[in-house]
2 protein chains.
Amino acid sequence: MADVQTKNMAESYPVNGGNGPNSYAQNSCYQKEVVDGAKGMITKAIAEKFDIGNPLLDCPNLIRIADFGCSTGPNTFISVQNIIEAIELKHKSTQQNSKTLEFHVFFNDLTSNDFNTLFMSLPPSREYFAAGVPGSFHGRVFPKATLHIAHSSNSLHWLSKIPEEVLDRNSLAWSGKKVHYTGNEKVLEAYSAQFKNDMKTFLSARALEIVSGGVILFFVGGCEDGFLASQTCSSMQFGLLASCLVEMAELGMISEEKVESFNVPIYLTSPKELKEVIETNAEFSIERMENFVPYKNPEMPDCQMLSTHLRVVIEGLISEHFGTEIVEGLFERYTKKMEENYFVFDMKYRQEFVIFVCLKRK
Amino acid sequence: MADVQTKNMAESYPVNGGNGPNSYAQNSCYQKEVVDGAKGMITKAIAEKFDIGNPLLDCPNLIRIADFGCSTGPNTFISVQNIIEAIELKHKSTQQNSKTLEFHVFFNDLTSNDFNTLFMSLPPSREYFAAGVPGSFHGRVFPKATLHIAHSSNSLHWLSKIPEEVLDRNSLAWSGKKVHYTGNEKVLEAYSAQFKNDMKTFLSARALEIVSGGVILFFVGGCEDGFLASQTCSSMQFGLLASCLVEMAELGMISEEKVESFNVPIYLTSPKELKEVIETNAEFSIERMENFVPYKNPEMPDCQMLSTHLRVVIEGLISEHFGTEIVEGLFERYTKKMEENYFVFDMKYRQEFVIFVCLKRK
């Protein structure tokens, strides 16, 4: 059994803070592509599904928006701006009166997230009141029925913890020296069960916090129904990361036991699975659900860039488990490993996409 | 004319962050004495002046509380807890129904405040939803009519900026190598005018944010009406700090010009002055106003402790103006200087106290 991996990840491993060369703030262009691709979907969903004039919404001139898993910016600011513009657009087209709307925007992420960087990066010309909300979105972080719009992008694919059986040598779902569900269906099943549990806790908390008539707009990574998730490009990339760690263990740089007790808590769901888990919560109706592929330049991925992108999101996890001293060497190896195994980028493995979901609180 | 001093201080110089030996979090026991002494006054003011059952308050079961100038904790958590306990007490004694109250607590301070330390220090067993609000309380930081209780302790004596004439060689209010209004009535007048302006902007912003029937509870440093504020113990201590800077300039460690362009933006008002400035805002009624002396052990102050206490609140200011390299030496000198000039602690100069004010939004 592992040591640190059994604790709740939700409070432990945020993305890299600050604004340095290996910060999330400077290396989240993949996430930005999702955010940019999302704009049209957000605008349409708000226009069609969010009823500003609904008498069930309190404070008719005040809209409260929360971004769950905001990280350090700047993507969260773009998402929030897109949401506000969509609401303003709808407000202008539907309201007879000329009352001005006010927006209270809440940026939520783990307590260990770098909120200082987030706050210092807030757009100076923003037309909303901003607040930071520390705490895991798998639990309650807002009072009852106070939110109108909940948003989450690139966050719900993070598991709140690694399932215990994955770290148990005596279990069929033991991941061994693999750090993901690469090629092991039992590990995949355990990840899937954890994801479903996490989505349930996320939705249960939001059901209490969102006013009747309010909406959740979220974006989560997924792959085709029935496609072997463990053979997606992203899972195979984690396979390459695992092989780097195994090499480093063979060279005596880290212990084998540390490799065995390490796993990446990221899971890609499928539209079918996601729909089923949402439907277990009777408080929400699924108003819209669609897949989209935000990636630009899909033919020839840049291995150095992909390596840095992974680094900014999992460096905290790696450092905590193996020590900070291995980080630089690991990601150098990983870049090289991807270049040597370019077949993982073959289009037949690239079955991942982003699932956009709009839910309405009944 | 000064350089950095002319910029708006409100966005620039928070207290020392983190949890280290020179952090505010570890050296705010003076402020804690104010907080502890305040508990009874808060409880009484809420019992008598805050009307939970007032139909003008929206969301009858949700109370929104904001602490303005929260710093990094732990004092803000004690204040908030005191307020919540006072409301719960009143709720239990006055409500027929057994509905549970929810509390949404907003911690406000300058954007450059160390919110990461604040969030990591949040009491794990708190029974409220917490949010951080970055931005100067001299401007709007909340939507209209959404707060029920505003609190501020040990913050409103900070001026938002040093008045321009204090830094102008050609003005009668030029402070020269003094860093405060020590012994110069014209400088004192300029500080007073800035304080009054700051209180006005604070109250104007809160008048919009607080619901009708809501209250402001605040604590601010003051001295007796008519007492020469420039001869209070605290102003004389700033005089000693100035003499340390002058010595360091004579030794060539810092430039004379730097000393001349530096001032400490702290002002102690008087009950009469404070009452007058509050009365210029027609939206609030003064419900309570009283002075109290929170200091324990007043006979023999500990110079080392006083020196560290000043350091944690103005180190940012000093570093920004003179460079971080002088901080250690300056505060060593300052401790020694206080020991050599112990007369400043004579009871006849110790005319400072804390003024507690309870205002109600009409």
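This is a predicted model: local features need pLDDT of at least 70, side-chain atom pairs count only at pLDDT 80 or more; totals for chains, interfaces and linings use all residues.
**View 1. Overall make-up of chain A.**
Chain A is built from nine helices and seven strands, and 47% of its 362 residues count as buried. Among the contacts in chain A that join residues at least 6 apart in sequence, 86% link residues at least 24 apart.

**View 2. The two-fold relation between chain A and chain B.**
In general, two copies of a chain are related by a rotation about an axis and a shift along it. Here chain A is superposed on chain B by a rotation of 180° with 0.0 Å of shift along the axis, and the RMSD is 0.0 Å; this is the relation of a two-fold axis. Within chain A, the residue whose C-alpha comes closest to the rotation axis is Gly132(A), at 2.4 Å. Both copies use the same surface, since 100% of the contact residues of chain A recur in chain B.

**View 3. The side of chain A that touches chain B.**
The contact between the chains takes 21 residues from chain A and 21 residues from chain B. On the side of chain A, strand 2 (102-109), helix 3 (115-120) and strand 3 (129-134) each supply at least two residues, and the largest share, six residues, comes from strand 3 of chain A. Sorted by class, this side of chain A has 14 nonpolar, four polar and three charged residues.

**View 4. The largest nonpolar core and the surroundings of Ile83(A).**
In soluble globular proteins, nonpolar side chains tend to be buried together. The largest nonpolar core of this model has 189 residues, and those with the most contacts inside the core are Ile83(A), Ile149(A), Ile83(B) and Ile149(B). When neighbours within four places in sequence are left aside, Ile83(A) is in contact with Ile42(A), Ile46(A), Ile65(A), Ile149(A) and His151(A).

**View 5. The crossing of helix 8 and helix 9 of chain A.**
Two packed helices are described by the angle between their axes and the distance between the axes. For helix 8 (residues 303-322) and helix 9 (residues 327-340) of chain A, the axes come within 10 Å and cross at roughly 145°, and the crossing is right-handed. Helix 8 of chain A contributes Cys303(A), Gln304(A), Leu306(A), Ser307(A), Arg311(A), Glu315(A), Ile318(A) and Ser319(A) to the contact, whereas helix 9 of chain A contributes Val327(A), Leu330(A), Phe331(A), Tyr334(A), Thr335(A), Met338(A) and Glu339(A). By class, the residues of this contact between helix 8 and helix 9 of chain A divide into eight nonpolar, four polar and three charged.

Note on methods: Residues are numbered from 1 along each chain as its sequence is written. Chains are lettered from A and ligands numbered from 1 in the order in which they are written. Axes are lines fitted to C-alpha atoms, for helices over the stretch in contact, and angles run from 0 to 180 degrees between N-to-C directions. Helices (H or I, at least four residues) and strands (E, at least two) are DSSP runs, numbered from the N terminus. A crossing is left-handed if the near helix is turned anticlockwise from the far one by less than a right angle, and right-handed if clockwise. Two residues are in contact if their C-beta atoms, placed from the backbone, lie within 7 Å. Ala, Val, Leu, Ile, Met, Phe, Trp, Tyr, Cys and Pro count as nonpolar, Asp, Glu, Lys and Arg as charged, and the others, Gly among them, as polar. A nonpolar core is a set of buried Ala, Val, Leu, Ile, Met, Phe, Trp, Tyr and Cys residues joined through C-beta atoms within 7 Å. A residue is buried if 20 or more other C-beta atoms lie within 10 Å of its own, exposed if 12 or fewer, and partly exposed in between; C-beta atoms are placed from the backbone. Copies are superposed by least squares on the C-alpha atoms of residues with pLDDT of at least 70 in both.
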